[in-house]
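This report walks through selected local features of one protein model. Keep the sequence and the 3D view open as you read.

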Amino acid sequence: MWSTRPRILIAEDEEPLVLLLRYNLEAEGCEVEVASRGDEAELMVRESTPDLLLLDWMLPSLSGIELCRRLRMRRETERLPIIMLTARGEEADRVRGLATGADDYITKPFSVPELLARVRALLRRAKPGESAEVLKFGDMELDRAQHRVRRGGRELRLGPTEFRLLEFLMSNPGRVFSREQLLDRVWGRDVYIDERTVDVHVGRLRRALGDTEPDPIRTVRGAGYSLDETYAA
Ligand code: CA
């Protein structure tokens with residue numbers, strides 16, 4: 001998915017949230033570092049600038065908002081992509097947060113797929129060309145920016161979950177994923193859904209791709225699903 005692994009620094013003091021973010025960002029192919037205090041995060045950024053900073057608003061020793069302000073004042077970090085994390089109720093401070101120079105802002109509790117989508121979007125904006133906007137596989141084309149899928153030039157209608165599922169499979173062609181892995185990576189780890197849900201959406205995706213054409217999705221008995229590499233060959 002990335003030509004180089006993006007380095008992401010998580011500055012957050014809530015351990016369960018750190019674990020959830022780390023797990024999902026690493027699954028996304030990112031290299032993750034963690035700071036649980038504001039001053040620690042500042043030191044880490046000074047030592048080596050990450051590709052993106054996920055910054056909690058309320059941090060011990062140095063608040064996220066003060067750290068953001070300081071980072072924007074230094075030339076080396078004036079353009080560092082920063083996403084602020086904040087608890088509900090701090091919404092009123094949103095304007096202040098953006099004025100301080102955060103690029104994006106997300107309210108807790110958030111959905112992991114949404115956060116990942118924002119991280120991807122911000123990394124793409126910061127480093128155009130790092131992550132392909134259009135994924136291609138055989139006669140299929142998926143345009144991430146326009147949220148469109150074509151097969152053999154014909155536009156397909158996909159629901160949001162089917163789109164994410166196909167996007168994920170097209171980013172990892174040939175690899176077999178279990179239902180559990182697909183739930184983690186497409187739905188996010190904080191949701192608890194029956195694994196059969198995956199089968200339902202794979203079924204819908206197959207129908208949307210066209211029942212009569214060769215099926216690009218391979219069911220691996222006892223293991224899960226993959227995008228069939230022989231299909232694109
Ligand atoms: Ca906090």
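F168 counts as buried, at 10% relative accessibility. Buried means under 20% relative accessible area, exposed means over 50%, and partly exposed lies in between, for a 1.4 Å probe and protein chains only. F177 is buried as well, with a relative accessible area of 1%.

This is a predicted model: local features need pLDDT of at least 70, side-chain atom pairs count only at pLDDT 80 or more, and totals for chains, interfaces and linings use all residues. Residues are numbered from 1 along each chain as its sequence is written, and side-chain values use heavy atoms, with hydrogens and water left out.

## Aromatic pairs

A pair of aromatic rings is described by the distance of the centres and the angle of the planes. Rings of Phe, Tyr and Trp (its six-membered ring) pair if their centres lie within 6.5 Å; planes under 30 degrees apart count as stacked, over 60 as edge-to-face and the rest as tilted. The structure holds two such pairs.

In one, the rings of W57 and Y105 have centres 6.3 Å apart and planes at 85°, so the pair is edge-to-face. W57 sits in the loop between β3 (52-56) and α3, while Y105 lies in strand β5, so the pair ties together parts that are 48 residues apart in sequence. W57 and Y105 are both buried. In the other pair, the ring centres of F168 and F177 are 4.7 Å apart and the planes meet at 55°, so this pair is tilted.

## Helix α1

Helices (H or I, at least four residues) and strands (E, at least two) are DSSP runs, numbered from the N terminus. Helix α1 covers residues 15-27, which makes 13 residues. From its first C-alpha to its last, α1 reaches 18 Å, close to the 18 Å expected at 1.5 Å a residue. The expected span is 1.5 Å times one less than the number of residues.

Which residues of α1 are buried? They are L17, V18, L20, L21, N24 and L25. Seen down the axis of α1, these buried residues fall within an arc of 165°, so they line one face of the helix. The arc is that of the directions from the helix axis to the C-beta atoms. The face turned away from the buried side carries the exposed residues E15, P16 and L19. Just after α1, G29 takes a positive phi of about 95°.

## Salt bridges

A salt bridge is a side-chain nitrogen of Lys or Arg within 4 Å of a carboxyl oxygen of Asp or Glu. A search of the whole structure finds 20 of them. One joins the side chains of R7 and E33, at 2.9 Å from N to O. R7 lies in strand β1 (residues 7-11) and E33 in strand β2 (residues 31-35), so the pair ties together parts that are 26 residues apart in sequence. R7 is buried, at 19% relative accessible area. E33 is partly exposed, at 29%.

R72 forms a salt bridge with D103, and the closest N and O atoms are 2.9 Å apart. This pair links distant parts of the chain: R72 is in helix α3 (residues 64-73) and D103 in the loop between α4 (94-100) and β5 (104-108), 31 residues apart. R72 is buried, with a relative accessible area of 18%. D103 is partly exposed, with 32%.

The side chains of R196 and D194 also meet in a salt bridge (3.0 Å, N to O). R196 counts as exposed at 58% relative accessibility, and D194 is partly exposed at 40%. Salt bridges that share partners join E12, E14, D56 and K108 into one network.

## Backbone features in loops

The peptide bond from K108 to P109 is cis, with omega near -5°. P109 is found in the loop between β5 and α5 (112-126).

Where does H147 lie? Its place is in the loop between β7 (140-143) and β8 (148-151). H147 has a positive phi of about 55° although it is not a glycine. H147 is exposed, with a relative accessible area of 53%. S61 is another residue other than glycine with a positive phi, near 75°. S61 is found in the loop between β3 and α3. S61 is partly exposed, at 49% relative accessible area.
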